[in-house]
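Trainee: I would like to learn how to read charged pairs in a model. Could you walk me through some?

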Amino acid sequence: MAGAYDDRDGKIWMDGKLVEWRDANVHILSHALHYASSVFEGERCYSGKIFKGHEHSLRLIESARLLDMKSPYTAEQIDAAKAEVLDASGFTDAYVRAVMWRGSGEDMGVSARRNPVRMAIAAWEWGSYYGDAKWQGAKLDIAKWKRPSPETIPTAAKAAGLYMICTMSKHVAEDKGCSDALFMDWEGFVAEATGANIFFVKDGEVHTPLADRFLNGITRQTVIQMLKDKGLTVHERRIKPEEMADFQECWLTGTAAEVTPVGQIGDYNFQVGSITREVAEDYEKLVRA
């Protein structure tokens with residue numbers, strides 16, 4: 001059993017070179033710690049290869065740009081750094097976390113133009129995000145918080161600050177015996193879970209919220225293409241919460257979640273049906289192809 005995340009053996013890539021895991025530290029007056037000027041990626045490595053690693057590198061750079069941070073590295077350099085970390089760790093199956101943030105410098109107010117943009121990459125072994133719940137059908141709470149309007153946040157950025165209500169909502173959900181929480185958007189339509197996109201099945205057709213007001217996950221996009229390749233109809237649209245009463249199946253998608261069947265959301269129940277099982281199996285094959 002691995003210890004606390006700050007007390008492990010191994011190497012972390014930091015600002016261009018590998019450092020000892022326990023030495024990968026930042027100063028307490030790092031801008032990101034005070035003002036959430038941080039973006040990140042979660043990626044999975046299967047059999048020695050990161051699934052869609054380059055797309056993740058590109059999204060990290062774009063997330064930084066949306067937060068007015070210029071990446072010090074190209075996507076190709078980030079790809080190479082991830083490979084270096086995996087090589088140093090010896091992992092063939094791992095979770096990879098890349099993070100870019102504003103460090104400490106001459107600015108310690110809201111403005112941070114004079115502070116350097118820094119970057120680190122770590123990798124660790126991480127099993128199923130939802131544990132045993134993944135195969136039984138996860139149980140979700142409905143969050144009291146709503147995903148904010150695109151007029152208030154850069155919804156296309158995988159920014160650390162946007163996860164504040166996710167942590168709060170997940171804690172409440174876990175206290176209720178649930179694995180996760182489902183958010184509505186600010187208009188009351190179904191949005192996403194705390195770290196995953198959501199799909200529903202009704203009469204053999206798939207319905208998923210239109211991802212123009214929250215993160216359009218790389219796994220989400222992958223699964224939509226898989227479904228279309230199988231000839232299934234996929235409706236990307238606004239979904240009212242009461243429609244959940246008529247959906248027969250449900251699953252979550254995300255790099256950490258992979259494809260996780262959902263058995264219950266609040267008072268709504270779903271079966272882990274044939275389409276859900278097929279998508280989960282097909283995704284498992286794809287990432288290891």
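This is a predicted model: local features need pLDDT of at least 70, side-chain atom pairs count only at pLDDT 80 or more; totals for chains, interfaces and linings use all residues.

Trainee: What is the general idea behind a salt bridge, and how many does the structure hold?

Mentor: Side chains of opposite charge can pair when their charged atoms come close. The structure holds 24 salt bridges. In one of them, Glu43 pairs with Lys82, with 2.7 Å between the closest N and O atoms. Glu43 belongs to strand β3 and Lys82 to helix α3, 39 residues apart, so distant parts of the chain are linked.

Trainee: Are Glu43 and Lys82 buried or exposed?

Mentor: Glu43 is buried at 1% relative accessible area, and Lys82 is buried at 1% as well.

Trainee: Which salt bridge involves Glu62?

Mentor: Glu62 meets Arg65 at 2.8 Å, N to O. They sit three residues apart in helix α2, and are therefore separated by about one helical turn. Glu62 is partly exposed at 32%, while Arg65 is exposed at 51%.

Trainee: Which residues are linked in a network of salt bridges?

Mentor: Asp185, Glu187, Asp212, Arg213 and Arg238. Within it, Arg238 and Asp212 come to 2.9 Å between their closest N and O atoms.

Trainee: Which side chain does Glu192 join through a polar contact?

Mentor: That of Arg147, at 3.1 Å. Glu192 lies in strand β9 and counts as buried because its relative accessibility, 9%, is under 20%.

Trainee: How does the span of helix α6 agree with its twelve residues?

Mentor: At 1.5 Å a residue, α6 should span 16 Å, and its end C-alpha atoms are 17 Å apart, which agrees. Just after α6, Gly231 takes a positive phi of about 85°.

Definitions and conventions:
Residues are numbered from 1 along each chain as its sequence is written. Side-chain values use heavy atoms; hydrogens and water are left out. Helices (H or I, at least four residues) and strands (E, at least two) are DSSP runs, numbered from the N terminus. The expected span of a helix is 1.5 Å times one less than its number of residues. Buried means under 20% relative accessible area, exposed over 50%, partly exposed in between (1.4 Å probe, protein chains only). A polar contact is a pair of N or O atoms within 3.5 Å; within protein, one must be able to donate a hydrogen and the other to accept it, and residues adjacent in sequence count only if both atoms are side-chain atoms. A salt bridge is a side-chain nitrogen of Lys or Arg within 4 Å of a carboxyl oxygen of Asp or Glu.
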